[in-house]
Amino acid sequence: MRIGLALAGVCGLAFAAPAQADELRDALMEDMPELMEVYKDLHTNPELSFQEFNTAKKLAARARELGFEVTEGVGQTGVVAVMKNGDGPTVMLRADMDGLPVEEQTGLPYASKARGVPESGVESGIMHACGHDTHMAAWVGAAQLLAERKDEWSGTLVMILQPAEELGLGAVAMLEDGLYERFPKPDYVLAFHDAAAAPAGFVGYTPGFALANVDSVDITVKGVGGHGAYPHTTKDPIVIASSIVMRLQTLVSREISPLDSAVVTVGSFRSGAKHNIISDEAKLQLTVRSYSDETRTALLEGIERIAKAESMAAGLSGDLLPVVEVKDPYTPATYNTPELTADVAEVLTARFPGRVFETDPVMGGEDFSQFRRADPDNVKTLIFWVGGVPQDQWEKAQAGEMELPSLHSPFWAPDAEKVIATATEALTAATLDLMPAKGG
């Protein structure tokens with residue numbers, strides 16, 4: 001997932017001193033050497049989407065050692081760990097497990113040398129270029145701290161390891177495999193994502209829509225091929241497709257309210273094979289981003305309307321009209337429940353003074369959205385950001401001395417210790433606040 005955070009007010013930020021250390025933070029600091037070993041092992045040994053067999057097995061074993069009731073193989077490779085501790089709400093903590101088909105170039109001593117075959121069928125290197133290794137290490141950290149503090153909370157803790165976030169399919173796979181029926185249904189679901197556009201230790205939250213609907217659309221533009229020297233005898237699909245590309249730019253600029261965010265990007269345009277041959281077909285690939293279901297529908301309907309209208313304007317009809325295919329399933333927009341977001345933000349602001357900020361929504365996508373959409377009336381959700389850019393790199397970037405690598409870059413190497421420590425403490429503190437001990 002690609003995340004870009006709006007940090008206009010944070011440039012050159014010098015973090016305030018952390019809140020006075022308490023017992024929770026002291027315990028976390030004692031755990032950090034072990035958590036960093038967990039992180040390095042995960043980083044060195046990434047696995048691709050729906051292939052997270054060893055990752056799931058290792059972390060499931062750790063959860064069992066902590067006293068969780070653990071079920072493996074949920075949604076193919078997912079893990080569900082349950083700890084019941086009296087009456088109270090059910091809180092679910094989620095971490096995603098999959099790496100990316102990226103050849104690592106960080107130069108880290110524990111860099112991945114793993115290789116595998118993704119869904120494309122082309123062998124490649126594998127890397128945790130999206131930081132899911134930090135997510136899992138913090139998941140382990142929170143599990144340990146909460147298991148040690150059963151006298152401080154009451155309710156049911158459900159901790160899940162989700163496969164295939166990078167494909168946008170893992171959350172649905174777990175839900176379709178009975179996540180909310182076979183296991184306690186959560187009242188609250190929490191997660192975090194490391195951020196490659198924020199300084200390490202920064203915590204960002206966004207009430208309401210936080211990440212976008214992500215649709216992939218294929219358009220096959222048909223035509224009548226022929227000799228490039230006699231274009232009048234053809235119906236050139238490249239010209240028609242070019243008109244479609246230009247007309248699509250008006251969907252956002254002229255059909256969507258300026259107060260509503262949307263993106264229509266043509267990422268691929270392919271046609272023809274030789275200089276003097278006019279092809280009979282052109283193919284376009286689009287990514288389409290929006291927040292509300294209404295805007296999504298307007299964009300997708302507009303794409304089909306424009307494609308067909310431009311072809312008709314070129315004199316085509318019937319079987320020669322374009323074929324527009326919206327890939328399914330799509331990744332729905334992530335909505336952070338406002339009241340839950342406000343409550344957690346208050347807890348984190350007190351714990352991390354000077355390091356917690358409200359951020360703008362982004363056009364990246366995350367299938368964390370599925371956990372709320374499965375039961376929007378009863379399940380409240382929040383995903384927040386934890387900055388990962390090492391402080392020296394952040395300062396150089398603000399001074400214009402370097403470009404920061406993004407998520408999914410082969411050069412992305414977060415300040416893992418700060419990410420894991422901050423995220424572990426944040427997840428634990430938020431969970432303890434949502435599940436107070438009876439009489440507490």
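Me: Which residues of α8 are buried?

Reply: This is a predicted model, in which local features need pLDDT of at least 70, side-chain atom pairs count only at pLDDT 80 or more, and totals for chains, interfaces and linings use all residues. Residues are numbered from 1 along each chain as its sequence is written, and side-chain values use heavy atoms, with hydrogens and water left out. Buried means under 20% relative accessible area, exposed over 50%, and partly exposed in between, with a 1.4 Å probe and protein chains only. Helices (H or I, at least four residues) and strands (E, at least two) are DSSP runs numbered from the N terminus. On these terms, Leu-340, Thr-341, Val-344, Ala-345, Val-347, Leu-348 and Arg-351 are buried in α8.

Me: Why do the buried residues of α8 line one face of the helix?

Reply: An α-helix has 3.6 residues a turn, so residues three or four places apart point the same way. Seen down the axis of α8, the buried residues fall within an arc of 165 degrees, so they line one face; the arc is that of the directions from the helix axis to the C-beta atoms. Glu-346 and Ala-350, on the other side of α8, are exposed.

Me: What span does α8 reach from its first C-alpha to its last?

Reply: The expected span of a helix is 1.5 Å times one less than its number of residues. Helix α8 (residues 338-351) has 14 residues and reaches 20 Å, close to the expected 20 Å.

Me: How is strand β3 placed, and which strands pair with β3?

Reply: In a regular strand the side chains alternate between the two faces of the sheet. In β3, Thr-90, Met-92, Arg-94 and Asp-96 point one way and Val-91, Leu-93 and Ala-95 the other way, and all are buried. Because seven of the seven residues of β3 (residues 90-96) are buried, the strand is largely enclosed by the rest of the structure. Two strands pair if DSSP finds at least two bridges between them: β3 runs parallel to β6 (residues 155-162), joined by seven bridges, and Arg-94 stands opposite Ile-160 in β6. With β7 (residues 188-199), β3 pairs in the parallel sense over three bridges, where Tyr-188 is the bridge partner of Val-91.

Me: How many residues has the largest nonpolar core, and which have the most contacts inside it?

Reply: A nonpolar core is a set of buried Ala, Val, Leu, Ile, Met, Phe, Trp, Tyr and Cys residues joined through side-chain atoms within 4.5 Å. The largest has 61 residues, and those with the most contacts inside it are Phe-68, Leu-93 and Met-159. Another core, of 25 residues, lies apart from it and includes Ile-160, Met-174, Ala-191 and Phe-368. Contact means heavy atoms within 4.5 Å; leaving aside neighbours within four places in sequence, Met-159 is in contact with residues including Phe-68, Val-79, Leu-93 and Trp-139.

Me: Where is the cis peptide bond?

Reply: A cis peptide bond joins Asp-328 and Pro-329, with omega about 5 degrees, and Pro-329 lies in the loop between β15 (323-326) and β16 (334-336).
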